[in-house]
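Biologist: Before we discuss this chain, could you put the sequence and the model side by side, and then take me through the contacts and the fold?

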Amino acid sequence: MIQQLFHGYRNWMITRLLLDTGMRISECLSLKPEDIDFKNKAILIKNTKNKQQRYVYFSFKMSSDLKRWLQYHDRFSSSDYLFPPINGIKLLNKRE
């Protein structure tokens, strides 16, 4: 039950972040919490298609949702990734 809730919430957050920032799914799945700059509402993307780091920006609402997600994430996962599965391994898209 908790696993289903975790996955559902994680998938909802991934979808919201993709829509809010326009980043690629592979970039999103490679994010770590330290990549987020809440002060400037920016995310440093290191794993880009052209191998050059870039920033994407997110909304005020997304900022509060990300903070809430990080609190939830820390309670149920010890993974280094922002959006981990329960077992802690990085999620992969079909191209990886």
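**Salt bridges and secondary structure**

Modeller: The structure holds six salt bridges, a salt bridge being a side-chain nitrogen of Lys or Arg within 4 Å of a carboxyl oxygen of Asp or Glu. This is a predicted model, in which local features need pLDDT of at least 70 and side-chain atom pairs count only at pLDDT 80 or more, while totals for chains, interfaces and linings use all residues. Residues are numbered from 1 along each chain as its sequence is written, and side-chain values use heavy atoms, with hydrogens and water left out.

Biologist: Which residue meets D65 in a salt bridge at 2.1 Å, N to O?

Modeller: Side chains of opposite charge can pair when their charged atoms come close. The pair in question links distant parts of the chain, 49 residues apart, with D65 in helix α3 and its partner in helix α1 (residues 2-21); helices (H or I, at least four residues) and strands (E, at least two) are DSSP runs, numbered from the N terminus. The partner of D65 at 2.1 Å is R16.

Biologist: Is D65 buried or exposed?

Modeller: Buried means under 20% relative accessible area, exposed over 50%, and partly exposed in between, with a 1.4 Å probe and protein chains only. R16 has a relative accessible area of 22% and is therefore partly exposed. D65 has a relative accessibility of 0%, so D65 counts as buried.

Biologist: How far apart are the end C-alpha atoms of helix α3?

Modeller: The expected span of a helix is 1.5 Å times one less than its number of residues. For the 17 residues of α3 (residues 60-76) the span should therefore be 24 Å, which agrees with the distance in the model. The end C-alpha atoms are apart by 25 Å.

Biologist: Which strands stand at the edges of the sheet?

Modeller: An open sheet of three strands has the order β1-β2-β3, with antiparallel pairing, where two strands pair if DSSP finds at least two bridges between them. Each edge strand has a single partner strand, so one side of each is left without a neighbour in the sheet. The strands at the edges are β1 (36-37) and β3 (54-57).
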